[in-house]
Amino acid sequence: MTGNGSDPGPTSEDSRLVSLEERLDRAEAAEAKRTAVNAGPESDANYRLGNRVLAELLGGLIGGALFGWLIDRFAGTSPWGLLGMLFLGIVVAFRNIIRLTKTPRN
């Protein structure tokens with residue numbers, strides 16, 4: 001049976017393993033090239049922009065709520081100072097986020 005080529009010998013098994021290793025190496029190199037392109041400076045810029053948007057949103061909400069609570073505490077207008085300033089904080093936060101995303105990035 002070894003004469004007709006249907007029975008794989010030890011050398012054909014090694015050649016299949018070598019071929020598989022070569023294909024794996026090419027696939028790993030292609031994957032490294034693909035991931036290296038995405039990890040560039042543009043990815044950092046997007047990450048910084050996302051953090052800045054989150055900070056604007058949280059700052060507007062927390063700042064508005066804090067000022068509203070202080071107004072309610074000293075003026076005795078509970079809960080209207082808190083609600084009004086919270087709404088104003090949300091409006092300011094969204095205005096800043098829109099302004100931030102419309103400016104061209106370098």
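Of the 106 residues in the protein chain of this predicted model, 11% count as buried. The accessible surface of the chain comes to about 8,700 Å², and carbon and sulfur atoms contribute 64% of that area.

The secondary structure consists of three helices and zero strands, so the order of elements from the N terminus reads α-α-α. Among the contacts in the chain with a separation of 6 or more, 53% join residues 24 or more positions apart.

Helix 1 covers residues 10-38. D25 lies in this helix and takes part in a patch of negative charge on the surface.

Helix 2 covers residues 41-75 and contains another aspartate, D72. D72 is buried, which means that its relative accessible area is under 20%. D72 has no salt bridge. The nearest side chain of opposite charge is that of R73, 10 Å away; a salt bridge would need a side-chain nitrogen of Lys or Arg within 4 Å of a carboxyl oxygen.

What does D72 touch, leaving aside residues up to four places away in sequence? The contacts are with T77, S78, P79, W80, G81 and L82. Helix 2 ends at residue 75, and the contacts of D72 listed here run from T77 to L82.

Methods:
Residues numbered from 1 in each chain as written. Predicted model: local features only at pLDDT ≥ 70, side-chain atom pairs only at ≥ 80, totals over all residues. Heavy atoms only, no water. Patch = residues over 30% accessible without salt bridge, like charges linked within 9 Å, V, L, I, M, F, W, Y side chains within 5 Å. Areas by Shrake-Rupley, 256 points an atom, 1.4 Å probe, with all protein chains shown as cover. Lys, Arg positive; Asp, Glu negative; His and termini not counted. Charge placed at Lys NZ, Arg CZ, Asp CG, Glu CD. Helix = DSSP H or I, 4+ residues; strand = E, 2+ residues; numbered from the N terminus. Buried < 20%, exposed > 50% of the residue type's maximum accessible area, 1.4 Å probe, protein only. Contact = heavy atoms within 4.5 Å.
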